Amino acid sequence: MPLTPTEKIWMDGRLVDWDDATVHVLTHSLHYGLGVFEGIRAYQTSGGAGVFRLTAHVHRLHQSAQVLGIEIPYSESDIVEAVKLVVRTSGLDACYIRPIAYLGYGEMGLNPLSCPVKMSIACWPWGAYLGDEAIKHGIRLKVASWARHDPRAMPTAAKATGMYINSSLAKVEAVRAGYDEALLLTTDGHVSECTGENIFVVRRGRLLMPPTSSVGALEGITADSVVTIARDLGYEVAESALRRTDLYLAEEAFLTGTAAEVVPIASVDDRRVGEGAPGPVTRALQEVFFQAVRGEVPAYKDWVEHVT
Ligand code: PPE
């Protein structure tokens, strides 16, 4: 999906024209992958654009930076306000928002300690990441030949730019083979997550998710929201070590992420999951999730942070 430019991007404290939001080719993070970012969505609500769980995303950005030892020169509340400014300035009711903190131009070499920390926030209109059809009918998932990063080798708790080499390799492999998305296993064969989404399965009526920190998966904010919704709807939710075959034998499976939202999984490695169509638990969760992001569920009103 090509990007649709908006007018302004926030860069290091000020709004610049979209086309002027450029960096030097010797930017440290471009060479070594030390950067942290977030993916956030704003949805149209009755009170204008509402950013879904903005404060939680900005907190995770700071936590990712803490893990990498990057000192972001803006407080969490500064960034919250900057995101609101960017969305307001865009005039969009709904958009995807991408804050990134990275090490700039200054010094080269693996010791980044003297590099300036730079930050930008852009937003643009972005439809369903895996497509509208995917949300309605489900995706074809393939287990990747690449394993997820071992948390002993890479700080998987951080949403860091360099980590996404692993995701890209798996994504391209899956897409070239004719699938929609890839699922990564840990080096010892446990289900971790997809290239940019967490995964859930329904087995014997229970909603199961992998224990994120031990399988090297990101602690998703969408996953957290879905767990809250599921418990409020009366479903039992548990963390569980899952094997590839637990996906093949699931009654239902779906993935969650800000960009992807809540997407049913129709098949895994060409084995139909359940009926091969979104099951009742997935559909119930989708329904409440899409109401919640639009500020339509009183219990979850606090999740929506308005920009005006
Ligand atoms: N795991 C990974 C690896 C991941 O990148 C994301 C978000 C998630 C899980 C779900 O997290 P959350 O968005 O808090 O529910 N991926 C972001 C970037 C995706 C991309 O392809 O780029 C996103 O969804 O915005």
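Predicted model: local features only at pLDDT ≥ 70, side-chain atom pairs only at ≥ 80, totals over all residues.
A polar contact here is a pair of N or O atoms within 3.5 Å.

R98 falls inside the limit, because a polar side-chain atom of R98 lies 3.1 Å from an oxygen atom of the ligand and the limit is 3.5 Å. Two tyrosines, Y96 and Y164, also place a polar side-chain atom by a ligand oxygen atom, at the distances tabulated here.

| Residue | Polar side-chain atom to ligand oxygen atom |
|---|---|
| Y96 | 2.5 Å |
| R98 | 3.1 Å |
| Y164 | 2.4 Å |

The ligand has 550 Å² of accessible area on its own, and the protein covers 94% of that area.

**The shell**

The ligand sits in the largest pocket. Around the ligand are 22 residues. Y96, Y129, Y164, E193 and T222 are the closest. By class, the shell has 10 polar residues, six nonpolar residues and six charged residues.

**Where the shell comes from**

Which helices and strands each supply at least two residues of the shell around the ligand? Two helices do, α2 (54-68) and α6 (221-232). Two strands do as well, β6 (95-103) and β14 (252-257). Domain 1 (8-124) contributes at least three residues to the shell, and domain 2 (132-292) also contributes at least three.

Technical notes:
Residues numbered from 1 in each chain as written. Heavy atoms only, no water. Near = heavy atom within 4 Å. Polar contact = N/O pair within 3.5 Å; in protein donor to acceptor, adjacent residues only side chain to side chain. Areas by Shrake-Rupley, 256 points an atom, 1.4 Å probe, with all protein chains shown as cover. 1 Å grid on protein atoms, 1.4 Å probe; cavity = no way out; pocket = protein on both sides within 12 Å on 5 of 7 lines; lining within 4 Å. Sits in = over half its atoms within 2 Å of the grid points. Helix = DSSP H or I, 4+ residues; strand = E, 2+ residues; numbered from the N terminus. Nonpolar A, V, L, I, M, F, W, Y, C, P; charged D, E, K, R; others polar. Domains from an automatic or database assignment.
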